Amino acid sequence: MMNLEFMINTISLGSLYALLSLGLVLVFGILKLVNFAYGEYLMIGGYGLYFSATVLHAPWWAMVVFGILAAILTSYLSELAAFRPVRNKSANALLVTSFAVSIFLQNAVLILVSPRARAVPLPPIFSQTVNIYGAVTPVRNLLIIGTTISVLILLSLLMKKTVLGLAMRAASDKFTTTRLMGVPANLVISAAFVISGLLAGISSIFWIGRSASVDPVTGAAPLLIAFIATVVGGMHSPAGAVVGGFVYGLLFNVLSITLPASMISYRDAFMFVIVVLFLLIRPEGIIKGGYTEERVG
Amino acid sequence: MSLLSRFLTWSRQHSTLALLMIPLVLAGLAINAFGSSLLLNIYTYFCVSLIMVLSLQMFMGNSGILNWVHIGFVGVGAYASAILSTAPMVKSMGVPNMFPALVALNMPVIPAIMIGGLIAAVLAAIIGYPLMRLSDFVGVITLFATLIVFHVIMTQWDNVTNGPRTFFGVPEFTTLTVALIGALIAIMVAYWFRESGLGLRLRASRDDRYAAMSVGIDVVRVRYYGFITSALIAGMAGGVWAHFITSFSPKAFYMSEMFILLAMLVIGGSGSISGAFMGTTFVTIAREALRQVEGTVNNAHVLPFDVFGLTEAVMAVLMITILIWRPGGVVGGQEITWPLFKRKSPIKEVEDGV
């Protein structure tokens, strides 16, 4: 039952990547900011898990809440302290700011906690495996799929049915006009950062769940995945992010299986070359966005 | 017009060059004569960083594209120059898996540095054309991904780079004099590039892509040439750096080093040569001071833990503060000219172009 195992594996990996990319795209949509600090929200979420488990001896559900709150708080504070003041400056200023925020958070953790990796004690359910029609798979793979589906449903309800969601969708189409309609810019942008932090926090649980440890550079790999997935899928819509996440997961698994053992360490290089080549043919990604303004004023 | 008055007009037009180069030489001479060996080292390193930052400015400052790959080209130049000039004996010991053809190479340092620059430029020419077509965020992310491709190859290709392990035994060549001459050449080249027709077209494409296209500027081509020129100088800077450091690993050509280069350029102001110069000066001083603090705190054991990373954290805060206060950097998009304080010219470049 190799195939079923491969499918479950790919779908769960794709789900995780979709969650990651979604958090990045929400902020990008409104602020046109490629947020280099996004991976660090996930990393702080991981430290939230670590501290709640080792210092507070919290039960697993409290750990989850604590981790997610840590990520949300970091995201919100970074918006307040760094991104808000440079928001109406050039696109590059905003980009460099986000890179500086990322470096700052990494080194703050380095100083305050430790440069070495910390083990995060997770509930045993994360390491157990189940047998589905002969396919052996870790339970956490199924948890990821379930979580992603519910998050996607809740998020689309929020975006489609609430006033805040409407305002956010309008803002990512035409920010200035949205403001003229009386929508407070700060509110919409803060909301985007809070949701982005929430998604980073949720993905952090599963990301940390795979290695059960967290260190100051944990955020780098997921950041990169989110970048590539959103670019492939299309940066102008949440749907693009989700599609990109799944495509990336599939590509990753296919390359892992097909590449000969001697080439496996070049996997990332292959992946990015494929992505760059793809972008040459279709720079807007798989899902084309609707009308979008170039920059927020 | 007499020769003298023509010379005076010329020197007034290009007073920036003198304003940057004379203090650089004077400080170099003073440190060479009176400075401690630590100061000598710092100043040499400063000059090498200046070459790197100026080559970054050539492309990034003039085109407005955040060039992540830059440090990758520095790395290519460093490895190329190191492989070309290191003695075969040392290479066969230090890099056991190296291709025999590469082990046999042995040439003087200066041509090795030149060839290193050329290799970086050729590489830029190969990968550059498709990349230059992408603008804005897609461009940024693909350039970022390209840096990672460079890093993966550098850490994995142990027949050439010794993999993630240190490449050592590179002949020492870069003294303060060499680095200073390199920096002076880099200032002239970067200045000349910025003022040249190509540089002007590139700046036009940065300020308004569509307006530039409408007056007949081939934006992709202009960026492409800028990218290659910048990579050429970056590669040479890498060579000069390699012969100063003499042993290095791929870690030296990745995010944290790129962050320092970016900080140097952005804090000073990427739009001008003066900005790149001031930023490099400022960041070098700040970094050395912070390192002293970090070292003192760690050695004195006043705190129950070591404060690794303090330098970077403070740098990041500094960078954000400056971006908030002056998004175009301390100097901004205008060059410093003689006389230092005069009425601003009515034509202003885009102030917030980082």
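Guide: Let us begin with B:Ser270, which sits in the loop between helix 13 and helix 14 of chain B, where helices are DSSP runs of H or I with at least four residues, numbered from the N terminus. This is a predicted model, in which local features need pLDDT of at least 70 and side-chain atom pairs count only at pLDDT 80 or more, while totals for chains, interfaces and linings use all residues. Residues are numbered from 1 along each chain as its sequence is written, and chains are lettered from A and ligands numbered from 1 in the order in which they are written.

Visitor: Is B:Ser270 buried or exposed?

Guide: B:Ser270 is buried, because 29 other C-beta atoms lie within 10 Å; the cut-offs are 20 or more for buried, 12 or fewer for exposed, and partly exposed in between, with C-beta atoms placed from the backbone.

Visitor: What about B:Leu24, which residues does it touch?

Guide: Not counting residues up to four places away in sequence, B:Leu24 touches B:Ala183 and B:Leu184, a contact being two C-beta atoms, placed from the backbone, that lie within 7 Å. B:Leu24 belongs to helix 2 (residues 15–34) of chain B, and it counts as buried because it has 20 C-beta neighbours inside 10 Å.

Visitor: Where is B:Ile119?

Guide: B:Ile119 is in helix 7 (residues 109–132) of chain B, and with 22 C-beta neighbours inside 10 Å it counts as buried too. Leaving aside neighbours within four places in sequence, B:Ile119 is in contact with B:Val76, B:Ala80 and B:Gly235, whereas its C-alpha atom is separated by 21 Å from that of B:Phe168, 49 residues apart along the chain.

Visitor: Switching to the backbone, what is phi of A:His57?

Guide: Phi of A:His57 is near 50°, a positive value in a residue other than glycine. A:His57 lies in the loop between helix 2 (38–54) and helix 3 (60–86) of chain A, and it counts as exposed, with 10 C-beta neighbours inside 10 Å. In chain B, B:Thr246 has a phi near 65°, again positive in a residue other than glycine; B:Thr246 lies in the loop between helix 12 (219–245) and helix 13 and counts as partly exposed, with 16 C-beta neighbours inside 10 Å.

Visitor: Now the chains together: how many residues does the contact take from each?

Guide: The contact takes 36 residues from chain B and 38 residues from chain A. On the chain B side, the elements that give two or more residues are helix 8 (136–156), helix 13 and helix 15 (310–325), and the largest share, 13 residues, comes from helix 8. By class, that side of chain B has 28 nonpolar, five polar and three charged residues, where Ala, Val, Leu, Ile, Met, Phe, Trp, Tyr, Cys and Pro count as nonpolar, Asp, Glu, Lys and Arg as charged, and the others, Gly among them, as polar.

Visitor: At what angle do helix 4 of chain A and helix 13 of chain B cross?

Guide: The axes of helix 4 (residues 91–112) of chain A and helix 13 (residues 255–268) of chain B cross at roughly 135° and come within 11 Å; axes are lines fitted to C-alpha atoms, for helices over the stretch in contact, and angles run from 0 to 180 degrees between N-to-C directions. That makes helix 4 of chain A oblique to helix 13 of chain B, since angles under 35 degrees count as roughly parallel, over 145 as roughly antiparallel, 65 to 115 as roughly perpendicular and the rest as oblique.

Visitor: Which residues meet there?

Guide: A:Val96, A:Phe99 and A:Ile103 in helix 4 of chain A meet B:Phe259, B:Leu262 and B:Val266 in helix 13 of chain B, and the residues of this contact divide into six nonpolar, no polar and no charged.

Visitor: Finally, what ipTM does the predictor give the complex?

Guide: The predictor gives the complex an ipTM of 0.83 and a pTM of 0.86.
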